[in-house]
Amino acid sequence: MTHPRTDWTRLEIAALFDLPFTELLFQAASVHRDYHSPAQVQLCTLLSIKTGGCPEDCGYCSQSVHADSGVEATKLMDVQAVLQRAAQAKDAGSQRFCMGAAWRNPKDRDMPAIVEIVKGVAAMGLETCMTLGMLEPHQAAQLADAGLDYYNHNIDTSPERYQDVITTRTMDDRLATLGHVRAAGINVCSGGIVGMGETREDRVGFIHTLATLPRHPESVPVNALVPVKGTVLGNMLADTPLAKIDDIEFVRTVAVARITMPMSMVRLSAGRESMSEPTQALCFMAGANSIFTGDKLLTAANAGDDKDAAMMAKLGLTPLVGDEPMRAVGAANGRAGLMVESR
């Protein structure tokens, strides 16, 4: 198997978005089957281990000190309390346990407890993922030494729209942290949020930024904005038609992510609790193969384990267990390239 393309142009990605919907789904499903099992979905659980009080001004985030969302700031959870929640997630069928702290960046004094948490969760046989904000190289090295499997740091949107959403850091800051994570040998988890009032051109730019990294993120979360009143975007969009991205456009975004980043796990993340089962089924057809399960994503509501289990049973999907074998069938690499001509 040759490595997937990292030389995508914006014109090529825009051409994929413009394909007839059924053709785009066919191409995405074909790529998906070449690299992944189409009947398996990775179940992940996300826990907020330190909530609220973040100094960043991300316009979508209820945990920012700039938001009037009612979210109270907390201290870092006790190590044993985190490990108890991880054990519960494993018992519920999760394969990956993701932990988020509302920091601009962790302080060095926080790292010993973080390292202990990573080691404890890994000892349970769960994949470990953390999102702690920006990292310095020595902090990424500490996490790698502790055995962290994935580090999440989303780029959120296109480079052109970035400063309209966040002003307290830049896209280059985001990419620098991803570079530190990659250099430390940790798998990268990076995606973004759609439905923030952006244009399709912004969605093209968002996918382009990830698909042209020297190595694609191993996980690509695709979030649909959940407008929270008290946040900049929540106040702006909560009562407008822009507050919820069109379902077909959301599926298109998932499909283009799958085609351009064929080996990545593409995860349905925030916003899924309000999606219909048919919309989620289309996302799975388009190449999504990972979901957050449980009742809560950090501070937002989520579908819940029982509801997800019923949906997966209805669709004939099973939880991913262990390491999924990569599949390279015949012309996999040909299909993972540009395919924009309708058949």
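Residues are numbered from 1 along each chain as its sequence is written, and side-chain values use heavy atoms, leaving out hydrogens and water. In this predicted model, local features need pLDDT of at least 70 and side-chain atom pairs count only at pLDDT 80 or more, while totals for chains, interfaces and linings use all residues.

**Exercise 1.** Find where S290 lies, and decide whether S290 is buried or exposed.

*Solution.* Start with the location: S290 is in strand 9, residues 290-292. Helices (H or I, at least four residues) and strands (E, at least two) are DSSP runs, numbered from the N terminus. Next, take the relative accessible area of S290, which is 0%, so S290 is buried. Buried means under 20% relative accessible area, exposed over 50%, and partly exposed in between, with a 1.4 Å probe and protein chains only. Then look at the side chain: S290 makes a polar contact with the side chain of Q42 at 3.2 Å. A polar contact is a pair of N or O atoms within 3.5 Å; within protein, one must be able to donate a hydrogen and the other to accept it, and residues adjacent in sequence count only if both atoms are side-chain atoms. Finally, setting aside neighbours within four places in sequence, the contacts of S290 include V41, C44 and M265. Contact means heavy atoms within 4.5 Å.

**Exercise 2.** Work out how helix 1 and helix 10 are oriented to each other, and which residues meet.

*Solution.* First, the axes of helix 1 (residues 10-17) and helix 10 (residues 247-260) come within 9 Å and cross at roughly 130 degrees. Axes are lines fitted to C-alpha atoms, for helices over the stretch in contact, and angles run from 0 to 180 degrees between N-to-C directions. The two helices are therefore oblique to each other. Angles under 35 degrees count as roughly parallel, over 145 as roughly antiparallel, 65 to 115 as roughly perpendicular and the rest as oblique. From helix 1, the contact uses I13, L16 and F17; from helix 10, the residues include E249, R252 and V256. Now zoom in on E249, a residue of helix 10. Its relative accessible area is 10%, so E249 is buried. Not counting residues up to four places away in sequence, E249 touches F17, R200 and R203.

**Exercise 3.** Describe how helix 1 packs with helix 8.

*Solution.* Begin with the geometry: helix 1 and helix 8 (residues 200-211) pack at about 120 degrees, with axes 9 Å apart. This pair is therefore oblique. Then list the partners: R10, I13, A14 and F17 of helix 1 meet residues of helix 8 including R200, R203 and V204.

**Exercise 4.** Find the angle between helix 4 and helix 5, and name the residues in contact.

*Solution.* Helix 4 (residues 111-123) and helix 5 (residues 137-146) pack at about 30 degrees, with their axes 9 Å apart. That makes helix 4 roughly parallel to helix 5. Helix 4 contributes M111, I114, V115, V118 and K119, and helix 5 contributes Q139, Q142, L143 and A146.
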